[in-house]
Amino acid sequence: MNQTNYTHTAWNTPFIAQRADPYVLNQGGKWYFTASVPEYDRIALRAADSLEDLRDAAETVVWHAHESGDMSQHIWAPELRFLDGRWYIYFAASRKDDIWALRPWVLRCEGDDPMKDPWVECGMLKRADGDEFSFTDFSLDMTVFDHGGRRYCVWAEKVSVGRKISNLYIAEMADPLMLKTPQMLLTSPSYAWERHGFWVNEGPTFVAHGDRVYLTFSASDTSPAYCMGLLWADANADLMDISAWHKVNHPVFSTDAEKGLFGPGHNTFFTDGAGEVYTAYHARPYDEIIGDPLYDPNRHCYIMKVPFVDGQPVFSTDNQCYQNQA
């Protein structure tokens, strides 16, 4: 099935079509967007003066995959960050001769304008001294955030022995290119809704609200079973203490067939000028997928407003932005 013959609803009109793993950043009075492209072969950015204008903004390719060797295959889930006065892009990539050898890589902009100034390769993110485990196997979907005067990253990594389970790990960062602490296991796919097809926790993203902090993540394979889970901790807790984190025992956002959104996940949070929280995520507008779902190009970017009720973010297609008449 392709995107021309699915059932149109008011909710499945994309914000940006064929862009998976969307990332939106409001920084310095500008709005920025990046995502995985269907070809998985480049990193492109958009910039605009408003969120709405990102929809039709021109894309600028800031980096291309290598012809061979490291960073030559599966360029996935870029995240644009402005850290310590400089621009960085974190992304996952593998090799054409070993396509599942995904690892986290970093680009740094050599100027003040990420759309125009050159980007340089900084290599893989470096693990902390004494850390024997981080980035030794399939690793992807790294997110970076600051909280309480400390900088953290969270990423998905498969265990290197036995069944290849994708867990989420957290570490404190020494600087934008290196971890400060060894990894700590944050969550493993322990519920049935996290184990459809593959045992997966991936795609983490952070938001602070009120007296709590939250991490959403995505679970299961990239079929209509793909869904979002939620972790939370007290805002003043030690985020490197596993006991500080609480995991909700059910998905907080999943397929809504009536509204034509299938397999929602890999979201990111951002706020508007009034401080209202929104999320960008990807989903498909149909459930019949021919071939490997990973290579179906029609994971589109959608945006919804995220209210908080009783200390928990609420993900509902009723809050979907940029709806059209069905």
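I started with the second largest cavity, whose lining splits into seven nonpolar, two polar and three charged residues. (I count Ala, Val, Leu, Ile, Met, Phe, Trp, Tyr, Cys and Pro as nonpolar, Asp, Glu, Lys and Arg as charged, and the others, Gly among them, as polar.) This is a predicted model, where local features need pLDDT of at least 70, side-chain atom pairs count only at pLDDT 80 or more, and totals for chains, interfaces and linings use all residues. Residues are numbered from 1 along each chain as its sequence is written, and side-chain values use heavy atoms, with hydrogens and water left out.

Next I noted the volume of that second largest cavity, about 70 Å³. (On a 1 Å grid over the protein atoms alone, a cavity is a set of points where a 1.4 Å probe fits but cannot get out; a pocket is an open set with protein on both sides within 12 Å along at least five of seven lines; lining residues have an atom within 4 Å of a point. Points are joined across faces, edges and corners, and a volume is the space filled by probe spheres set on them.) Among its lining residues I found Arg-19, Tyr-40, Leu-294 and Asp-296.

Then I looked up the largest cavity, at about 100 Å³. Of its 15 lining residues, Tyr-23, Glu-79, Pro-204, His-266 and Asn-267 lie nearest the centre.

Phe-138, Lys-158, Phe-198, Thr-222 and Leu-294 are the closest to its centre, out of 25 lining residues.
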